[in-house]
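Hi,

Here is the structure I wanted to pass on to you.

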Amino acid sequence: MKLRLEDSEKVLLEFAEKEQIVATADKTSIAESNLAAANAALGNIISERIKNEQLWKQVQTATAINLPQLLTNSVIDGLRVLRNQLVTEYQEKSETFRADYPAMVQISNKIKETDRQLANEVKTIKSSLKAAYESSLSQENEMKERIETLRADVLDLQKRSIQYNILKREVDTTRSLYEGLLQRFKEVDVAGGAGTNNVFIVDAAELPRQPSSPVMSRALALSLALGLTAGLAAAYVLERLDDIVHSPEEAERVFGVAMLGVIPKITPPQTIESELADLRSALAEAYRSLCTALQFSTAAGLPKTLLVTSAGPGEGKSTTALAVARHFSVLGLKVLIIDADLRNASLHKRLGFENGVGLSNYLTDSCSALEAIQRTELANLFFLASGPLPPNAADLLSRPRLLSLLSTGLEVFDLIVIDGPPVMGLADAPILSNAAAATFLVMNAGETKMGTVRNALKRLKMARAPIIGAVVNKFDAKTAGYGYGYGYGYTYGESSERSSGDKPDDAGKERQQLRKPQDASS
């Protein structure tokens, strides 16, 4: 059977060499595999050609640039944005200048040049889509020709493979018979050599009295060590990743600025207005402490012009500025508070004034300072609103009229408090800080990020701003564990009030007595 198998394999190999038939591991031949691959490739090429043809037909007769193929182009998108900007600028200046004004003619020429570039880009895209369609069509025709050639080769191979398959079946049958006889011969040989073995029991197995592992004491000690290490590592990582201002000491140590005051956090149902109205409240006492620190912040005492700003929005700078202005006006100083946030004005809402005329009108020389300044309910407190919000706030603040307003204002007022915009992302705050005699920063405890404050201080220092310190706002002494000074002071004030036997209306009477001289002077 072995010799018969060898002879049949030799005959099969000689026939394959004569007819040039190459057998592969799978059931299909190389020619059939090539034909299947070519058909699959033709399907992909046809899909690509149809897609390119549709894209070319869409843009072939299109006159506008509202097609997705054109709108997704970065160059066309940039030119459209530039054209919109030029058209907007032309419309804005057309309200002031005529069409034959040189600047208007220049903008009109730029619009025409942009339209020409847009037309060229659209033409280029159309040409590229047409070229892609023609290339896909050419590839489709070439692949069809190749498939016809491969189909002829497969048919020829099938004709020559008839005798080859007959010989191959004979080889497979002979091989199966040979392998079966060989397997049976080996089984008989193994069965004939089987005999007795020399295996015997040396020792009987016994049950263990205690487990070999785990050792409880060692496992507990290892778990304790690993837990302690993981806890310390987690605490260290959280401390390193924590970029939030939590306490006044931390802010003073990290930023290197003097801490002028700490404003406590107000919890509902309490409001800022109600707490400020209560002269014995923690919030009112904190703002009085801030104003006292401002009186000793410079060698000359209280700065004449004071800018209140913050690193980001929503950190309480407007409330702080208004509280400082009210405090010093109550002390007898003639105070002017200016809402210099020409992007998001809010002081006029707090004071209940209109915002029709204000700082922006004065800076554009549309009115005088006397026409823009408004009286408040306090005799010594005057208010200059922001006015209509301009599109070029930084340009207005850079004008000399701002310095003129501050210098002439100091001839009338004892203190000018400026409520400025946030420092980060805007150029307004550095300009105002350079014009003011002193600047301090307001930050929220538990919210403001240290990196933001560092960048804000860096920008103010680059503007040569006289920074006198910072104020930590919304500070929760109970949560932060910061009890020295504030926790003692608030508890002492409440206990003294209870011990003196004041009735609930005593605080209101005291506020009315404090307001009487002001009402009389007004």
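I call it a salt bridge when a side-chain nitrogen of Lys or Arg is within 4 Å of a carboxyl oxygen of Asp or Glu. Mind that this is a predicted model, where local features need pLDDT of at least 70 and side-chain atom pairs count only at pLDDT 80 or more, while totals for chains, interfaces and linings use all residues. Residues are numbered from 1 along each chain as its sequence is written, and side-chain values use heavy atoms, with hydrogens and water left out.

The whole structure has 14 salt bridges. One of them joins Glu-9 to Arg-175, at 2.7 Å from N to O. Glu-9 is in helix α1 (residues 2-19) and Arg-175 in helix α5 (residues 102-192), so this pair ties together parts 166 residues apart in sequence (helices are DSSP runs of H or I, at least four residues, and strands runs of E, at least two, numbered from the N terminus). Glu-9 is partly exposed, at 31% relative accessible area (buried is under 20%, exposed over 50%, partly exposed in between, with a 1.4 Å probe and protein chains only).

Then there's Glu-140 with Arg-49, whose closest N and O atoms are 2.6 Å apart. That pair links helix α5 to helix α2 (residues 30-60), 91 residues apart, and both residues are buried.

As for charges over rings (NZ of Lys or CZ of Arg within 6 Å of the ring centre and within 35 degrees of the ring normal), Arg-401 has its charged end over the ring of Tyr-362, 4.1 Å from the centre. Lys-334 lies over the face of Phe-413, at 5.9 Å.

Cheers
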